[in-house]
Amino acid sequence: MKVIGLLGGMSWESSALYYQQINEGIKKSLGGLHSAKIAMYSVDFSPIEEMQHAGDLEGLANAMIDGAKRIEAAGADFMLICTNTMHEFVPKIEPHLSIPILHIADATASVMKEVSIKKVGLLGTGFTMERDFYKGRLIDNHEIDVITPNAADRKIVHDIIYNELCLGQITDPSKAEYHRIINALAADGAEAVILGCTEIGMLVKQSETDVLLLDTTSIHANKAAETAIK
C-alpha cells in the first residue's frame with residue numbers, strides 16, 4: 001500500500017473528513033482491520049486566511065511548498081492538498097517535489113467523464129470561482145464547460161464558507177441560500193454542480209436536491225484510496 005500525503009488544515013473541519021473517508025475507502029476495499037497509511041501535515045489556517053484575503057500569493061506559495069516538502073520527507077508516495085482553493089499553487093509546488101500531487105480538479109473531472117457531463121456549475125471560495133486555476137484546468141484539460149453564480153451570489157457562497165463552514169457552523173438560512181444558488185445554476189444549463197470547496201459538503205447533501213452534486217472532498221478522498229492500493 002502506498003503512503004498518502006495530506007496537506008491539511010484549510011480548514012481542519014474538512015481535513016478531518018478526508019482522514020475519515022480515505023480510511024473508509026481502504027476498509028471497504030481491503031476489509032478487516034486495514035486502514036490507510038497517511039503522512040499528514042496540517043497548517044494553522046488563520047495566517048493562511050489572512051494571506052488569501054491580502055492577496056499575498058508569494059507567502060501562500062511558500063507556505064504550501066514548506067508543507068509539501070514536510071510531507072515528502074515523512075515518506076509519502078503521493079500527496080493531496082485538502083482544499084480546492086490552494087490548488088492555485090500546484091505549479092509552484094511541483095518543482096520542489098519528487099512525488100506527484102493528485103489534483104482535485106482532475107479527480108472531479110474523471111467522475112464527470114464517467115457520466116458524460118459536459119457543462120457544470122462551480123461553487124467554492126471567491127478565489128476558486130473567479131480565478132482561472134480551477135475553471136481553466138477543467139476547460140482546457142478536460143473540455144468541460146464551467147459556469148459560476150453571479151457576483152452577488154458568489155459573495156454569499158464565499159462569505160458562508162469563511163464565516164460559518166470553516167468554523168463548523170451549519171445553519172438553515174445558509175443551506176437555503178446554497179440550494180437557491182444551485183437551482184439557479186441548473187436553470188442556466190448546468191448538468192451538475194461541483195461543491196468546489198471542501199467544506200460545502202457539510203452544508204448541502206445530495207438527498208436534499210435533484211441536481212447532481214459533485215462533492216470534491218469525497219471524490220478526492222476516494223481517488224486517494226484507489227491510488228494507494230493500485
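Student: The axes of helix H5 (residues 104–114) and helix H10 (residues 216–228) come within 9 Å and cross at roughly 95 degrees. What makes H5 roughly perpendicular to H10?

Tutor: Angles of 65 to 115 degrees count as roughly perpendicular, and the crossing is at roughly 95 degrees, so H5 is roughly perpendicular to H10. The model is predicted, with local features needing pLDDT of at least 70 and side-chain atom pairs pLDDT 80 or more, while totals for chains, interfaces and linings use all residues. Residues are numbered from 1 along each chain as its sequence is written, and side-chain values use heavy atoms, leaving out hydrogens and water.

Student: Which residues of H5 and H10 meet?

Tutor: Ile-104, Ala-107, Thr-108, Ser-110 and Val-111 of H5 meet Thr-216, Ile-219, His-220 and Lys-223 of H10 (contact: heavy atoms within 4.5 Å). By class, four are nonpolar, four polar and one charged.

Student: How do helices H8 and H9 pack?

Tutor: H8 (residues 151–163) and H9 (residues 172–187) make an angle of about 140 degrees, their axes 11 Å apart. Residues including Ile-156 and Val-157 in H8 meet residues including Tyr-178 and Ile-181 in H9.

Student: Why are strands S5 and S7 at the edges of the sheet?

Tutor: The open sheet has four strands in the order S5-S4-S6-S7, with parallel pairing (at least two DSSP bridges between two strands). S5 (145–147) and S7 (213–215) each have a single partner strand, so one side of each lacks a neighbour in the sheet.

Student: How do you know that S6 and S7 pair?

Tutor: S6 (residues 192–195) and S7 share three bridges, in the parallel sense. Leu-195 stands opposite Asp-215 in S7.

Key: Axes fitted to C-alpha atoms, helices over the stretch in contact; angles between N-to-C directions. Helix = DSSP H or I, 4+ residues; strand = E, 2+ residues; numbered from the N terminus. Parallel < 35°, antiparallel > 145°, perpendicular 65-115°, else oblique. Nonpolar A, V, L, I, M, F, W, Y, C, P; charged D, E, K, R; others polar.
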